[in-house]
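This briefing is meant to be read alongside the sequence and the structure. Please keep both in view while working through the topics below.

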Amino acid sequence: MSLPFIGGGIASLAVIICIVLLSRKAAKKHFLELVEQSKTDFPKIEEFFSSLNTISERYISKSDEQTFIQQWESFYTEIQKRHYPSKLPDYEKIVFFLKTFSKINSEIANRNDVFLQKEMRESDSLLSNIDGKSLDEQQRKVVISDEDRTLVLAGAGSGKTLTIAAKVKYLCEVKHVEPKDILLISFTNKSAAEMTERIQNKLGIPVEATTFHKLGLDIIKNNLGYRPEVSDDLTTFVHNFFENELLNHPDLVQALTEYFTYYLEIPENMEDCDNLGELYELEKSADLETLKSKYDREQYIKDTSSEKAKKLTTLNGERVKSIEETKIANFLFMHGVNYEYEKLYPFESDDPNRKAYRPDFYLIDYDIYLEHFGVSNDYKCPWLSEVEEKKYLDGINWKREFHKKNGTKLIETYSYYTKEGRLLPELEKLLQANGVVFTPHDFTDIFETIYAKKSNKYFSEFIKLCCTFITLFKSNNFKPEQFEQMKKQSEKLENNFLYQRNCIFLDIARIILSEYQKYLTDNKSVDFSDMINDAAAKVEAGASIPKYKYVIVDEYQDISQSRFNLLKSIVTATNAKLLCVGDDWQSIYRFAGSDISLFTDFERYLGFTNLLKIEKTYRNSQELINEASRFVTRNPLQLRKNLISGKKLKYPLVFWGYDKEPYPALSQVMQKIISEFGPEKSILLLGRTNYDIEILKASGLFSVSWQDRVEKLIYLPSPKTPVAFLSVHKSKGLEADNVVLVNFKNDKLGFPNQIADDKVLNFVLTQGENYMFAEERRLFYVAITRTKNRTFVLTDNRSPSIFFREFNESESCCFVHIRQNNDESKTHCPRCKTGELLKVDHDGKSFIGCSNYPKCRYTLNNISILSSPKQCPSCGGFLVKRKGNKGHWFIGCTNYPYCEHTEQIKKECRYQRI
């Protein structure tokens, strides 16, 4: 029985032995084949390292790296598939090759670092004497790096011009690049001339810096044989158009009037606020004077008769309590509905707890009262405390019943209409439903009387906004049909008010652009954007241009879409390497077409980028740098850099407060600077706009004269002190021993300027900036970093800039005569939460009122609360001593009967009687 089994086992064993012998034979054969193959692969591996070493003798750019990888990628894959055994002779060479190529990106990065260090040592003598100055390590790295696309973040006062000059010198003298092969671009004739003078006269290199303007013209001339006539007066055209041609365009007059009447101010959504005080703060800069008041005042001014002149001296402007009420008042006035604001109601209430009743609006010709109630669409007031909400809602019901009782007609509008963007349409329907007949005012009369004056600062700033929009529109090479696309884009907005606002602005801009294009055509000229776009199109179409090897751009943060298109077309056509130097923290020329996203998203538009930084500043103290950097980078889209300085100075940023007029504070600041630094040190006075020079003229401290079309200042108490006034925009790139910023108040034309930074510009920006006052934040950064020593900021204590709250006293920042908000010593208003309760004397009586009056009408009769306030634990009111019906004394709440909290009187109790 066992023999077959034994026989089968022997057979199986024989098969296994045969298989093993065959496998060994095959393995030996495969091994011998691999040995033979290695004779081919090893030389290739040696060639790989030789080639890698060869390209490592220079800086390996991304394109070099990609070419190298493509050259060796298939060989690397083949070696992986061969699975060479470890016993192969020189097996470690294969392992080293596989390891090196698998991490080839980091290997090349390491080799570039080695090259940079070696080249910096070998070029030390050159880099230690650029126009008599020695470059720091970051500057040297910029000079020697040779990436295809390089973006250099250069801080304010960090010596970027010196670095660019050194780059040109290095390319010509070390890399033997011909000067004609370098295209050096700056943004202004002045900066280009300064760069040329430095490189040609001081470094002896025949490279001439140019501007985008000249570059574009040269390209067109070389391809067409003539230079086009370029017009650069959009702002002048728009001013002249409004002054001379506007009345020929009634549709534009109507659009402008409606925009200023209803849409200049964007009302806040009350439901986004935690309390009323927060809303008051957001609306602090709002112009709450009604259109009727402005119109009446201008009519008085027109009439020079003595009788009217007398009345003028007693004419008080009509100001309402909120932006929403302003829009209601303006709507009534524009539609010819006579009204009286807060007219005393003719019937008295017998409720001793009710004050004299003054409804918001009284429609005189219809005997109708209009109240605007601050409630949400579910009839609540989430911005009020529970007890204040109940008091307010009870007040609404009382008003309704009081009108019913007295047979007077009450109509109502609500704050939630604003949230939903339908306040004006609802108001119109409400008035018509109640028989109110509209007799609209003439738009031309309103516009000419109130807005169409050179002295109207709001309108002048609006013209600037329109010019900025048109400049950006044309820079993007948009066509007129784009306006309709923008309107369709606005349809996605949930808020109808914002939709209507956008549409009206787009209508205004469309008409101005159309007239501007006619003007250019009639004068057989093009503007800058047209010319640059045309030059870019010609280069893309194959126009002949020099075969540049390097393109270097200074002040790249000022790049516009049209300039970018030209720049990219040149770099693409010539395969030149591109180096751009700038500081996104100083991108402040949106009005001239600059688009910051072309800087901050550099790699997105131009491919792999070597991001380098120059962070050592030679102008500002470290303390100022710390404060300024912290401020500007609150915007998360600003690129980060760690600026350092060898200078130390305590309190380089000084906020100097004033209560009424800035003139005494300005005088004190000037005296302080001269006494500390000497009369020979320069002082640069900065304004957010050119209008701010009026502060200096009115101060009596300066004489102002015109010299060479420039206003020249002399500081009368110290005539030899070098002083100058500039807008912050014009000060960029300049410096002074000390700086004074003269307008830092929360105002439409203050700092931030709340007209210039309008969201409508997002239509014409590559990527809209949604961070509030992003460009104004950068502008303030530019302002405070112009100084070598200190920057003094004149601060209106009554209405400081919204930026002010972001600063605290420290070794970097000093407050002088600033009215401090010491919360511990304040008694806060329980209604609005942010106001301070104060003693008010009126008509021989004293009572408690809120510092946010007239917006907040909270009052109490018991002034003793201010000396010993104690808050009610139930509702947030105040606990006071009260007398009960039976003659006993107890502690009760000022919000009674809404709050019935009581406490017993203790012997040591010091509560005041009510």
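At what angle do helix 27 and helix 31 pack, and how far apart are their axes? In this predicted model, helix 27 (residues 622-632) and helix 31 (residues 774-784) pack at an angle of about 170°, and their axes lie 9 Å apart. Helix 27 is therefore roughly antiparallel to helix 31, since an angle over 145 degrees counts as roughly antiparallel.

**The helix pair and its surroundings**

- Helix 27 contributes Leu 624, Ala 628, Ser 629, Phe 631 and Val 632 to the contact, while helix 31 contributes Arg 777, Arg 778, Phe 780, Tyr 781 and Ile 784.
- By class, the contact of helix 27 with helix 31 has seven nonpolar residues, one polar residue and two charged residues.
- Helix 31 is mostly covered, as eleven of its eleven residues are buried.
- Among the buried residues of helix 31 are the charged Glu 775, Glu 776, Arg 777 and Arg 778, and also Leu 779, Val 782 and Ala 783.
- The cover over the buried residues of helix 31 includes helix 27, strand 15 (653-658), strand 16 (683-687), helix 30 (728-731), strand 20 (736-744) and strand 21 (787-796).

- In soluble globular proteins, nonpolar side chains tend to be buried together.
- The largest nonpolar core has 99 residues, of which Phe 242, Phe 462, Phe 469 and Ile 508 touch the most other members.
- Apart from residues up to four places away in sequence, Phe 462 touches Leu 256, Tyr 259, Phe 260, Phe 505, Ile 508 and Ile 755.
- Tyr 458 belongs to helix 20 (residues 457-475).
- Tyr 458 and Leu 749 are 291 residues apart in sequence, yet their C-alpha atoms are 7.5 Å apart in space.
- Leaving aside neighbours within four places in sequence, Tyr 458 is in contact with Phe 260, Leu 264, Asp 287, Lys 748, Leu 749 and Ile 755.

**Backbone features in loops**

- Most residues other than glycine have a negative phi, and most peptide bonds are trans.
- A cis peptide bond joins Tyr 853 to Pro 854, with omega at about 10°; Pro 854 is found in the loop between strand 24 (845-850) and strand 25 (859-860).
- The peptide bond from Tyr 896 to Pro 897 is also cis, with omega near 10°, and Pro 897 is in the loop between strand 27 (889-893) and strand 28 (902-903).
- Asp 367 is not a glycine, but its phi is positive, at about 50°. Asp 367 lies in the loop between strand 6 and strand 7 (368-373) and counts as partly exposed because its relative accessibility is 42%.
- Asn 575 has a positive phi near 60° and sits in the loop between helix 24 (561-574) and strand 11 (577-582). With a relative accessible area of 68%, Asn 575 is exposed.

**Confidence of the prediction**

- The mean pLDDT of the protein is 87, and 92% of its residues reach 70 or more.
- Confidence is lowest in helix 14 (residues 306-312), with a mean of 43, and highest in strand 6 (residues 361-363), at 97.
- Over residues 304-315 the pLDDT is below 50, and this stretch has seven contacts in the model beyond near neighbours in sequence.
- Residues 909-914 also have pLDDT under 50; for this stretch the model has 20 contacts beyond four places in sequence.

Definitions and conventions. Residues are numbered from 1 along each chain as its sequence is written. This is a predicted model: local features need pLDDT of at least 70, side-chain atom pairs count only at pLDDT 80 or more; totals for chains, interfaces and linings use all residues. Side-chain values use heavy atoms; hydrogens and water are left out. Axes are lines fitted to C-alpha atoms, for helices over the stretch in contact, and angles run from 0 to 180 degrees between N-to-C directions. Helices (H or I, at least four residues) and strands (E, at least two) are DSSP runs, numbered from the N terminus. Angles under 35 degrees count as roughly parallel, over 145 as roughly antiparallel, 65 to 115 as roughly perpendicular and the rest as oblique. Contact means heavy atoms within 4.5 Å. Buried means under 20% relative accessible area, exposed over 50%, partly exposed in between (1.4 Å probe, protein chains only). pLDDT is the predictor's confidence in each residue, from 0 to 100. A nonpolar core is a set of buried Ala, Val, Leu, Ile, Met, Phe, Trp, Tyr and Cys residues joined through side-chain atoms within 4.5 Å.
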